[in-house]
Amino acid sequence: MKFINLVLEQFYGPNDGRFISSLITKFKNQESAIDLTLGEQVRDFIFIDDLIDAFTVVLNHLHKFESNVEIPIGTGSGSNIRDIVV
């Protein structure tokens with residue numbers, strides 16, 4: 001039996017209620033004020049379809065992985081929250 005830990009970064013997608021989608025909804029609704037921090041945090045955002053593709057790749061290549069391995073799933077680069085919002 002193999003144990004593989006997929007380490008997920010910040011994923012987003014349509015109507016998921018998470019950060020990116022909630023921002024898009026607030027912008028679409030032209031909300032006058034959005035409660036945010038200074039936005040200095042850095043996050044690696046990955047679209048849900050890309051996350052699912054990564055799962056598929058891992059599942060199709062299980063035989064290539066050692067047991068007890070961690071596989072990060074993300075884009076590999078972080079974005080400053082402030083840059084995303086502005």
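**Group meeting: a walk through a predicted model**

Let me open with Asp35: its relative accessibility is 77%, so it counts as exposed (exposed is over 50% relative accessible area, buried under 20% and partly exposed in between, with a 1.4 Å probe and protein chains only). Asp35 sits in the loop between H1 and E3; helices here are DSSP runs of H or I with at least four residues, strands are runs of E with at least two, and both are numbered from the N terminus. From Asp35 to Ser67 there are 32 residues in sequence, and 43 Å in space from C-alpha to C-alpha.

A quick word on the ground rules. This is a predicted model, where local features need pLDDT of at least 70 and side-chain atom pairs count only at pLDDT 80 or more, while totals for chains, interfaces and linings use all residues. Residues are numbered from 1 along each chain as its sequence is written, and side-chain values use heavy atoms, with hydrogens and water left out.

Now, the core. Which residues make up the largest nonpolar core? They are Ile46, Leu51, Ala54, Val58, Ile71 and Ile73, 6 residues in total. By nonpolar core I mean a set of buried Ala, Val, Leu, Ile, Met, Phe, Trp, Tyr and Cys residues joined through side-chain atoms within 4.5 Å. Two or more residues each come from helix H2 (48–60) and strand E5 (69–73), and H2 gives the largest share, 3 residues. In soluble globular proteins, nonpolar side chains tend to be buried together. Take Ile71: apart from neighbours within four places in sequence, its contacts (heavy atoms within 4.5 Å) are Ile4, Asn5, Leu6, Val7, Val58 and Phe65.

On to the rings. There are 2 aromatic pairs in the structure; rings of Phe, Tyr and Trp (its six-membered ring) pair if their centres lie within 6.5 Å, and planes under 30 degrees apart are stacked, over 60 edge-to-face and the rest tilted. Tyr12 and Phe47 are edge-to-face, with 5.4 Å from centre to centre and 65° between the planes. That pair links distant parts of the chain, with Tyr12 in strand E2 (residues 10–12) and Phe47 in strand E4, 35 residues apart. Tyr12 is partly exposed at 25% relative accessibility, and Phe47 is partly exposed at 26%.

Why does the pair of Phe19 and Phe45 count as stacked? Because the ring centres are 6.3 Å apart and the planes lie at 20°. This pair also links distant parts of the chain: Phe19 is in helix H1 (residues 19–28) and Phe45 in strand E4, 26 residues apart. Phe19 is partly exposed, at 30% relative accessible area, whereas Phe45 is buried, at 15%.

Ser21, in helix H1, is buried with a relative accessible area of 10%. A polar atom of the Ser21 side chain lies 2.5 Å from the backbone oxygen of Gly13.

Then there is Asp44, in the loop between strand E3 (42–43) and strand E4 (45–47). Asp44 is buried yet has no salt bridge (a side-chain nitrogen of Lys or Arg within 4 Å of a carboxyl oxygen of Asp or Glu). Arg43, the nearest side chain of opposite charge, is 10 Å away; Lys and Arg count as positive, Asp and Glu as negative, and His and the chain ends are not counted. What does the side chain of Asp44 make a polar contact with? Its partner is the side chain of Thr75, at 2.5 Å (a polar contact is a pair of N or O atoms within 3.5 Å; within protein, one must be able to donate a hydrogen and the other to accept it, and residues adjacent in sequence count only if both atoms are side-chain atoms).
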